[in-house]
Each structure stands twice: as C-alpha cells, then as structure tokens.
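Open the model in your viewer and keep the selection tool at hand. We will go stop by stop.

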Amino acid sequence: MAEQLIYACKLKEGIHARPAGHIERLCNTFSADISWSNSRTGITANAKSALALVGTDTLFQDECKITLSGDDEFDACVQLADLLEKISLQEETHTEETPDVDLSLPRTLRETHPVYIRGTRISGGIAIARSVVSKSITFCQLESLAPVGYLGEKAELALFQQGIENLKNEKVTQLENACGVERDIIEAHLSIVNDITFAGQVTEYICQQHNAFSAVISAAIAFCDILNNSSSKYIKERVLDVMDITLQLLSKINSDIHLPHSRIELVESSILVADSLTPGKFMALDKTRLAGMVLSNTGKTSHTAILARSLGIPTITDLDDNAPSFDPDKLMVLDGNLGLLIPSPTNAVLRYYQSDIDAKTQKQKQMLAQVINPATTADGRRIEVAANIGSDLEAARAFSNGAEGIGLFRTELAFMDRAVPPTEDELTQQYIDVIKHANNQPVIFRTIDIGGDKPLEYLNIQPEENPFLGYRAIRIYPEFITLFKTQLSAILRASASGYARIMIPMIASVEEVVWCREVLESVKIDLRANHIKFDENIEMGVMLEVPSVLFAVPEIARHADFFSVGSNDLTQYLFAADRGNTRVEHVYDNFSPAFLRALKFAVDEVHRQGRWIGICGELAANLQLLPLLIGMGFDELSMSSAAIPTIKSEIASMKQEQCGDLLQQALALGSSAEVRQILENPNVKITTSLPIISESCILNNLDLQNRNEVIKMLTDNLWLQDRTHNPEKLAEDVWAREDSFPTAVGYGFAIPHTKSDFITNSTISIAKLQKPIQWGEQQVNIIIMLTIRKSSTDNEHMKYFSQLARKIMNEDFRNEISRSNTKNDIYKVVAQAISTAI
Ligand code: PEP
Ligand code: MG
C-alpha cells in the first residue's frame with residue numbers, strides 16, 4: 001500500500017526552484033520513496049530532487065499525483081500536504097517585501113554596496129580616475145601675500161598700468177587662437193581687464209596710499225560685492241571670472257610673489273576636486289587628462305559649467321553638506337549621470353563601473369554607426385533631428401553626431417560678457433562657419449534672446465523684479481534696433497553661402513511678427529542697394545514660448561514660415577513657474593495632461609495652416625516623452641548634440657501609429673502621475689521577431705566574480721543586442737526572482753529567470769565563466785538566463801525553465817556543454833536541447 005496526495009498547483013509561477021527546494025528538503029527527511037507525477041505533462045519525477053521536480057513542468061493549476069511508499073509514508077504525506085499549503089502562502093508574501101535601501105540607484109549598483117556622496121549633475125558621464133584636489137585662494141589670503149611697501153603714487157600707478165597692459169596683450173594673443181565658448185570667455189575676461197570702474201577704483205586706492213597689489217585686491221573685493229548682491233544667479237556666478245582675472249593681474253604686477261594655485265597640473269587621467277574653479281583655470285587644464293570634475297560654488301549656468309558640458313566632461317556640484325574633505329591622489333568614481341561621487345570605491349564598485357563604461361561605449365559605437373541615416377520611425381515617418389548649439393565651435397560635433405541641421409543656434413552667447421557688441425563682419429564670419437559645416441542642411445539662427453536674466457552690460461538695461469516676464473528678446477529690439485538690424489544683416493549675408501533660417505524668440509503677438517518682417521525687409525533693401533548677395537527666400541519663423549501664441553497661430557502663420565516650441569519657456573509661462581527656481585520645480589510639469597494637450601493643440605493648429613513645427617527646448621531630448629512627441633506629429637526635434645544618436649536610434653525603433661495611440665491615451669488621463677505610469681514601458685516599439693537563442697547572447701570565458709556581475713553582464717548584453725530597452729529594470733526583475741530563492745540548480749548550473757515587461761523578445765542567454773562563483777549556497781560556472789516576455793502566452797517561462805532543468809539532469813548534456821569551448825559550440829548544444837524539447 002502507498003499513500004497518495006492529489007495536488008492542484010496554487011503557485012502562480014508553478015514549481016520553480018524555490019518551492020522545489022523546500023519540497024526536496026522535506027522529502028529527504030523521510031525514508032519513503034516519493035514520486036511526483038504531473039498529469040498534464042505526463043512527467044514523473046523523484047520528489048527528493050529539486051531539479052527533477054522543476055523538470056515536471058508543473059504550472060499554475062496543474063494537477064499532480066504524489067505517491068509516497070515506505071515505512072513513514074503517512075507522516076510524509078501529512079507533512080508534505082502541510083508544506084504545499086504553506087509555500088503557496090509564503091509565495092504571496094514574498095513578493096511584497098521591499099528592501100530598505102536607496103531605491104533610486106540601479107539594483108545592480110546597489111548590490112555592490114557603494115558608499116557615496118550625493119551631488120547635483122552638471123554634466124553626465126562616468127569617470128574613474130585619481131583625485132587632484134585644488135583649493136582656491138580667498139581674497140583674505142591674497143591680502144596676506146601683499147608686499148608692505150609703497151613706492152609712491154606715480155610708481156604704483158605705473159606698476160598697475162603696466163600690469164593691465166601686459167595682461168591685455170596676453171588676452172588679445174589668446175583670442176587669435178580661440179574659438180567658440182573659449183573665445184567668448186576670453187572676451188569676457190578682456191572686458192573685465194578693460195573695465196573703467198575697476199581701473200578707477202584701483203587708481204583711487206593707490207591714491208589713498210595702497211600699493212598696486214593691495215589696491216587691485218581691494219577693488220576686486222568691491223567689484224565682487226556688487227556682483228554678489230545681484231538677484232541674478234547668472235551675475236553672481238561672474239565672481240569667479242573676477243577672481244580669475246585678479247590672480248592673473250597680480251602675477252603681472254608682482255611676479256616675485258608666489259601665488260598659490262596659479263596652474264593646476266594634471267599628470268595623468270584625473271578627477272579634479274575644486275572648491276571653485278574659474279573658467280580661466282579650467283581652460284588652462286589639460287583636457288586630455290581631465291576625466292571629471294567635482295566642484296563646489298559652481299552654478300549650473302557658470303561658464304565653467306557651460307564649458308564642462310560642451311566638452312562632455314562628467315561634472316557634479318553641490319555635494320551634500322557633510323561631505324568630507326578629499327585627499328589627493330585617491331582613486332575615485334564620479335557618476336555624473338546619477339550625480340554621485342564614490343570617494344573610496346571598493347573593487348566591486350570599480351568592476352561595476354568598468355563594466356558599465358564598456359557597455360555604454362559599445363552602445364555609443366553602435367548608435368554612431370547609424371547616425372548618418374535620416375531619422376525615420378519604423379513605419380516610415382520622417383522626423384528631422386537637429387542640434388541646439390551656442391557657438392560655431394559646437395557645429396562640427398553636432399554634425400558628426402548625426403544632426404540633420406541646426407534647429408536652434410542660441411546666438412546671444414557671442415554678445416555676452418564683452419564690452420561692446422560683435423561687429424557685423426565678425427558675426428557674418430561666425431555664421432558662415434556654421435552654415436558651411438551644415439553642408440546645405442538648414443541652420444536656424446535664433447536672433448538674440450537677451451535682456452531680463454541675461455543682461456548685456458553695454459545695453460544698460462536696468463535690473464527688473466520679474467526678469468522672465470520683463471524686457472527681453474523681441475521686446476528690446478525696437479529700442480536696440482541697430483543691434484537687431486546688424487544681426488539680421490549678418491544672417492542674410494551668411495545665407496548666401498548655404499541654408500539659413502531666422503527665428504524670433506519670445507513672440508507674444510502677431511504685431512511683433514509683422515514688425516520683425518518689416519525690419520527684415522528693410523535690411524534686405526539695404527543689402528540689395530549695396531549689391532550684397534543673400535538668400536531672397538530666407539524663411540522666418542517664430543518661437544512658440546508665450547502661451548498667447550497658441551491662440552494666435554492662424555494670424556501669425558500668415559507672416560511666419562515655421563514655428564518652434566521653446567518648451568523651457570512655454571512650460572514656465574503655462575504654469576507660471578520660474579524655470580530656474582527649484583522650489584516650484586514640481587509645478588513645472590512636462591508630464592501634465594494639460595501641458596501635453598497644449599502641445600498637441602499647437603501642432604494641430606500649425607499644421608492646419610500648412611506650416612511646419614519643431615520643438616527645441618530640453619523636452620525634445622526627453623526619452624520618456626519621445627513617443628508622445630512623435631505621436632503629436634512634430635516635424636522636427638532639436639536638442640543638444642550628445643542626445644542625437646540615442647534619439648535617432650529610438651525614433652527608428654518606434655511606430656508612428658502606436659505613438660499616436662499612446663498619445664490619445666495620455667491626453668485622456670487626469671494626472672501627470674498617470675501619464676508617467678503609461679510611459680513607464682509603453683508599447684510603441686517594433687518587435688522584430690528574434691529567435692529565443694542566438695550566438696550573440698552567449699558569452700564565453702568570462703572573468704566574473706559574483707551573481708550580480710553575471711546578471712549585469714547578461715542584461716547589458718541584451719541591451720546591446722536590442723532585446724531590451726531598459727537593462728537596469730530587466731536586471732531588477734531578474735534579481736526579484738533571485739531574492740526569493742537563488743536559482744542555482746546543482747551540477748554547477750544556475751538558471752536565473754524572469755517574466756518581464758522589459759524584454760522585447762524572449763531570450764535564453766548563457767554565460768560560461770572561467771572560474772566557479774558562489775550562487776546562493778552553491779558553486780556555479782554555467783549560467784543559463786531566461787528572460788521571457790511578460791505577455792508571452794502559455795507559460796513559456798516555466799516551460800523553458802523545466803525543460804532546461806531536465807536537460808541539466810542529463811549527464812551527456814552537462815558534459816557536452818562543459819566541453820564546448822566556443823560560442824558556436826555552446827549555441828549548438830543548447831539550441832539542439834531546446835528544439836528537441838519544446
Ligand atoms: C526654450 O525656451 O525652450 C528655448 C529653447 O530657449 P531658451 O532655453 O534659450 O530660453
Ligand atoms: Mg526660451
């Protein structure tokens with residue numbers, strides 16, 4: 001006689017490794033033979049082997065007949081029935097556990113237990129390098145270095161004037177070899193050197209018996225006080241420039257005095273930790289050795305920050321208050337993407353980041369190989385992807401990154417931080433340079449967007465209480481008509497050498513557009529009179545930044561050739577939330593249905609008038625919102641050069657039709673939280689059907705040290721093979737299963753597995769390691785990872801899992817796979833096993 005137990009499986013995921021382990025352990029405490037027979041699959045297994053149990057392919061609601069025979073069969077039967085009940089309950093509670101750690105870090109990074117300091121991102125990217133610590137000198141310290149004597153008024157004045165003259169000459173020479181942002185900054189410095197108030201103050205101090213050295217310091221302190229008192233963050237950040245120039249001037253006045261910190265030498269790849277880094281010092285750095293920067297006292301709009309971004313140097317600022325002081329020459333990790341500094345990385349952290357850098361570099365290479373193709377959705381809709389630039393220097397990078405034009409040239413940068421505006425010839429030359437780089441692709445010159453929070457000293461515009469609502473952009477043109485005409489003339493002259501367009505910022509009414517047209521026509525008349533060539537048909541468009549334009553598209557479209565949404569400003573004006581004020585950040589909401597409806601309305605209105613519409617604010621590079629922008633029907637997206645390869649590759653993977661459907665859903669929602677939710681993993685990507693197993697998902701001879709490294713390596717590889725768009729979330733799903741129970745199945749094998757929304761094609765990945773690693777309680781050197789699409793029918797997941805588990809029980813299979821030394825051999829063995837089994 002034997003005992004029999006009929007069990008209808010209550011586990012949603014079937015009998016996978018964790019419950020099988022529980023059953024195996026209990027059964028092995030009895031002497032009775034216990035066999036488990038799945039009535040659906042017809043497979044019978046010894047319940048004392050977890051692997052064999054998994055091999056029965058027992059799924060949710062499968063009926064199983066368990067036969068127990070031996071002396072203690074009755075006890076075994078009672079306890080097994082009890083256990084089967086309990087594991088069903090445990091299974092439910094397991095999924096509700098939430099670990100008590102910083103969940104904003106990717107799971108695979110959390111596994112390395114990094115000890116980090118949070119900061120604010122200035123420029124993304126990752127750097128692993130030794131620290132170079134630079135402490136800036138304060139005015140107090142400088143004063144203590146001042147010589148004590150006073151050579152008399154005449155001699156001290158001569159010393160000061162000679163110093164100024166030498167510095168001026170040096171700057172002028174530097175200007176000859178500089179271009180782009182670097183040139184802008186040298187010009188800014190030159191304007192401080194030439195500043196009459198500064199020179200006047202120094203002279204006054206000298207007359208009051210201060211020697212030239214001390215007088216310069218006192219004048220600089222007074223100058224900085226004025227800047228620091230400004231309500232504009234931008235102006236405050238110019239203090240660094242004054243400090244920079246002061247140091248340079250002092251070294252010219254008294255070369256005997258050793259000024260600390262005059263030049264930072266980088267002898268190897270380094271992360272520079274500086275409490276304040278002036279743009280001048282930044283420019284003097286050897287960029288080939290500058291891996292990253294950790295800065296304090298550096299605002300996001302400071303020149304140093306702008307330079308770091310334009311050169312793609314990972315940089316963070318505003319470290320948490322209790323940040324320790326840093327030692328020089330220490331290996332550090334700087335994660336500009338997450339805004340973290342890891343000052344003493346462990347080996348595990350270093351290995352994590354190295355592997356992350358390797359994967360991202362490979363992905364970037366793949367994308368760069370494709371950027372030459374025009375951006376088109378998978379179902380054939382063309383969307384122009386253009387670049388935003390701030391100087392001619394950035395044009396080359398934009399086009400090598402795949403820009404199909406310049407969608408926004410912020411021309412005002414060339415007007416800022418200088419004593420006088422650039423000349424028409426200077427501008428024309430700059431514009432021709434960009435147009436030539438564009439090689440007949442369009443370049444949109446946005447006419448100067450200054451005033452308000454971007455003051456130009458030489459225009460003498462009074463500070464205002466509400467600069468963003470005040471006298472800026474188009475609103476100042478009538479007063480400074482010569483400046484506006486000069487710029488228009490330069491753009492027109494440059495238009496003779498390629499494809500130029502003009503765009504006017506901050507348009508609020510049709511009258512402004514009509515006025516701009518009239519001015520443009522008058523400039524054209526002057527050029528014709530002087531026989532200067534230009535593009536007679538040059539297009540003039542408007543930025544859609546002020547909400548009133550939304551409701552004036554029909555009349556404006558009569559005078560404008562195109563529209564481009566300046567989403568940075570449109571968002572702030574729509575929500576009445578200052579774009580630079582972090583306290584109202586939550587109000588400034590690009591995910592809000594109200595904002596999305598406004599954008600959709602704009603696109604429809606503009607198209608109804610037969611015009612095209614682009615978007616050139618930060619939003620254009622937002623990966624989460626991209627399907628909605630495509631769905632809305634934007635004709636052009638313009639963004640920073642660095643974002644172009646990713647955005648082009650994403651566009652190519654999406655279908656216009658699905659994006660349209662998703663948009664309709666989003667527009668009907670009632671909150672931005674709901675919008676975020678549907679964008680979490682939208683179903684808008686093409687699903688090329690890929691085989692479940694392919695050689696590209698097999699990694700052989702890996703030198704990995706733990707389970708986490710294997711999961712990261714395999715999920716990153718799935719990203720490189722275009723089988724997941726979100727390797728971090730996929731890894732998280734794989735880990736969720738490992739958290740319940742390690743998936744080692746014996747004989748040196750592990751089968752990590754998940755059903756996930758983050759895999760586009762169900763895949764079997766394989767990692768064969770050089771040395772076994774710990775996987776839960778077992779040693780493992782062959783990992784077969786199953787990532788199955790959540791939407792897959794028919795419990796594919798457990799089918800493959802149990803099939804592989806059965807195969808692993810077979811010694812021949814194990815030997816064959818162990819003997820296979822190439823990807824191709826491993827592929828053949830596993831592919832054969834799968835094809836015969838399913
Ligand atoms: C915008 O407002 O979105 C825009 C592109 O212009 P800026 O950021 O220069 O104001
Ligand atoms: Mg704007």
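**Stop 1: around the ligand**

Select β14 (406–410) and α20 (567–575): each supplies at least two residues of the shell around ligand 1. Helices (H or I, at least four residues) and strands (E, at least two) are DSSP runs, numbered from the N terminus. This is a predicted model, where local features need pLDDT of at least 70, side-chain atom pairs count only at pLDDT 80 or more, and totals for chains, interfaces and linings use all residues. Residues are numbered from 1 along each chain as its sequence is written, chains are lettered from A and ligands numbered from 1 in the order in which they are written, and side-chain values use heavy atoms, with hydrogens and water left out.

Which element gives the most to the shell around ligand 1? It is α20, with 3 residues.

Now show the residues around ligand 1. There are 14, and Arg 410, Arg 446, Glu 545, Asn 568 and Arg 579 come nearest. A residue is near a molecule or strand if one of its heavy atoms lies within 4 Å of it. Colour the shell by class: 3 residues are nonpolar, 4 polar and 7 charged. Here Ala, Val, Leu, Ile, Met, Phe, Trp, Tyr, Cys and Pro count as nonpolar, Asp, Glu, Lys and Arg as charged, and the others, Gly among them, as polar.

Next, look for polar contacts. A polar contact is a pair of N or O atoms within 3.5 Å; within protein, one must be able to donate a hydrogen and the other to accept it, and residues adjacent in sequence count only if both atoms are side-chain atoms.

- Arg 410: a polar side-chain atom lies 2.7 Å from an oxygen atom of ligand 1.
- Arg 446: a polar side-chain atom lies 2.8 Å from an oxygen atom of ligand 1.
- Asn 568: here a backbone N or O atom lies 2.7 Å from an oxygen atom of ligand 1.

On its own, ligand 1 has 290 Å² of accessible area, and the protein covers 99% of that. Accessible areas come from the Shrake-Rupley method with a 1.4 Å probe; for residues, only the protein chains shown count as cover.

**Stop 2: an open sheet**

Select the 8 strands of an open sheet, in the order β5-β12-β11-β7-β8-β9-β10-β6; the pairing is mixed. β5 (117–118) and β6 (120–123) stand at the edges with a single partner strand each, so one side of each has no neighbour in the sheet. Two strands pair if DSSP finds at least two bridges between them.

Zoom in on β5. With β12 (residues 340–342), β5 pairs in the antiparallel sense over 2 bridges. Find Arg 118: its bridge partner in β12 is Leu 340.

Move to β7. β7 and β11 pair in the antiparallel sense over 5 bridges, and Arg 130 stands opposite Leu 331 in β11. β7 and β8 (residues 270–274) run parallel, joined by 5 bridges. There, Val 133 stands opposite Val 273 in β8.

Now go to the loop between β10 (315–317) and β11, the place of Asp 318. Asp 318 is not a glycine, yet its phi is positive, about 50°.

**Stop 3: a hairpin**

Select β25 (residues 763–775) and β21 (residues 698–702). They pair in the parallel sense over 3 bridges, with Leu 699 opposite Ala 767 in β25. Gln 774 stands opposite Gln 779 in β26. What is the phi of Gly 776 in the hairpin of β25 and β26? It is positive, near 65°, and the hairpin has 2 residues between the strands.
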